[in-house]
Amino acid sequence: AAARSALAASWTRSAMLYRLDPVARRVGERLTEAEIALARERLGAVVPMAVAQLDRLFQMVSALGACIVLADAEGVVIERRGNPADDADYQAAGLWTGTAWSEAQAGTNAIGTCLAEGRAVTIHRDQHFMARNTELSCSSAPLHGPEGEVLAVIDVSTARADVPEAVAGLIAASVADAVRRLEGDLFSHRYAGARLVVIPGLGRGGGALLAVDGDDLVIGATRAARAHLNLTGDL
């Protein structure tokens with residue numbers, strides 16, 4: 001089954017590789033404030049530049065009682081948005097700054113499985129490996145840096161059981177759109193002195209951008225541009 005299903009593969013990793021107990025109730029330890037500050041520092045411009053997209057995304061999904069988090073490449077929550085009335089529940093669930101959501105620590109979940117698979121992932125309720133997370137429905141997408149590396153993950157989670165499948169699909173699409181916009185912002189920031197070229201047919205919203213210097217040499221390309229143009233290696 002693991003060979004045919006990404007979800008089954010994740011459950012297999014959770015059980016066989018990480019040897020997690022699916023009925024364990026205890027949420028992992030949180031990082032200290034000093035450790036969180038160091039993790040934020042390692043992300044550099046990502047956190048301040050993510051603010052606008054996180055705020056915009058939260059405005060779209062806040063009525064669903066959703067929580068939005070930005071986690072680093074280790075799955076540690078660095079930044080979050082949520083309704084104050086729901087904060088106690090999400091803090092108890094571990095969707096709080098400083099808590100780790102890698103597969104090794106939390107089993108199959110949208111943040112950790114997104115990092116493991118390197119792609120956008122939605123994990124609904126009982127698809128989670130850990131029983132303590134089965135009240136959550138979560139959609140995550142990986143954030144790639146200017147050189148195509150995975151820097152972080154943006155996730156939207158809700159504990160509402162009455163969210164229709166169509167709405168869940170819109171949430172996933174909104175997360176992916178926020179990531180594409182942020183990737184474009186990070187790329188523009190990294191190549192501020194270069195001319196930016198949008199790949200024809202994909203549009204800026206797709207995040208497929210090239211950076212060109214004064215000699216018309218390509219000096220940078222977003223992950224979407226690299227994939228579309230089959231670019232490999234250093235530019």
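User: What makes the crossing of α3 and α7 right-handed or left-handed?

Analyst: In this predicted model, where local features need pLDDT of at least 70, side-chain atom pairs count only at pLDDT 80 or more, and totals for chains, interfaces and linings use all residues, the crossing of α3 and α7 is right-handed. Residues are numbered from 1 along each chain as its sequence is written, and side-chain values use heavy atoms, without hydrogens and water.

User: How do you know how α3 and α7 are oriented to each other?

Analyst: Helix α3 (residues 46-61) and helix α7 (residues 165-190) pack at about 155 degrees, their axes 10 Å apart. Since angles over 145 degrees count as roughly antiparallel, 65 to 115 as roughly perpendicular, under 35 as roughly parallel and the rest as oblique, α3 and α7 are therefore roughly antiparallel.

User: Which residues make the contact between α3 and α7, and what is its make-up by class?

Analyst: With contact meaning heavy atoms within 4.5 Å, α3 contributes V46, M49, A50, Q53, R56, L57, M60 and V61, while α7 contributes residues including I171, V175, R181 and L186. The contact of α3 with α7 has 11 nonpolar, 3 polar and 4 charged residues, where Asp, Glu, Lys and Arg count as charged, Ala, Val, Leu, Ile, Met, Phe, Trp, Tyr, Cys and Pro as nonpolar, and the others as polar.

User: Why is the pair α1 and α6 described as it is?

Analyst: Helix α1 (residues 6-17) and helix α6 (residues 110-117) pack at an angle of about 105 degrees, with their axes 11 Å apart, and α1 and α6 are therefore roughly perpendicular to each other. On the α1 side the contact is made by A6, S10 and R13, and on the α6 side by T113, A116 and E117; by class, the residues of this contact divide into 2 nonpolar, 2 polar and 2 charged.

Methods
Axes fitted to C-alpha atoms, helices over the stretch in contact; angles between N-to-C directions. Helix = DSSP H or I, 4+ residues; strand = E, 2+ residues; numbered from the N terminus. Left-handed = near helix turned anticlockwise from the far one by under 90°.
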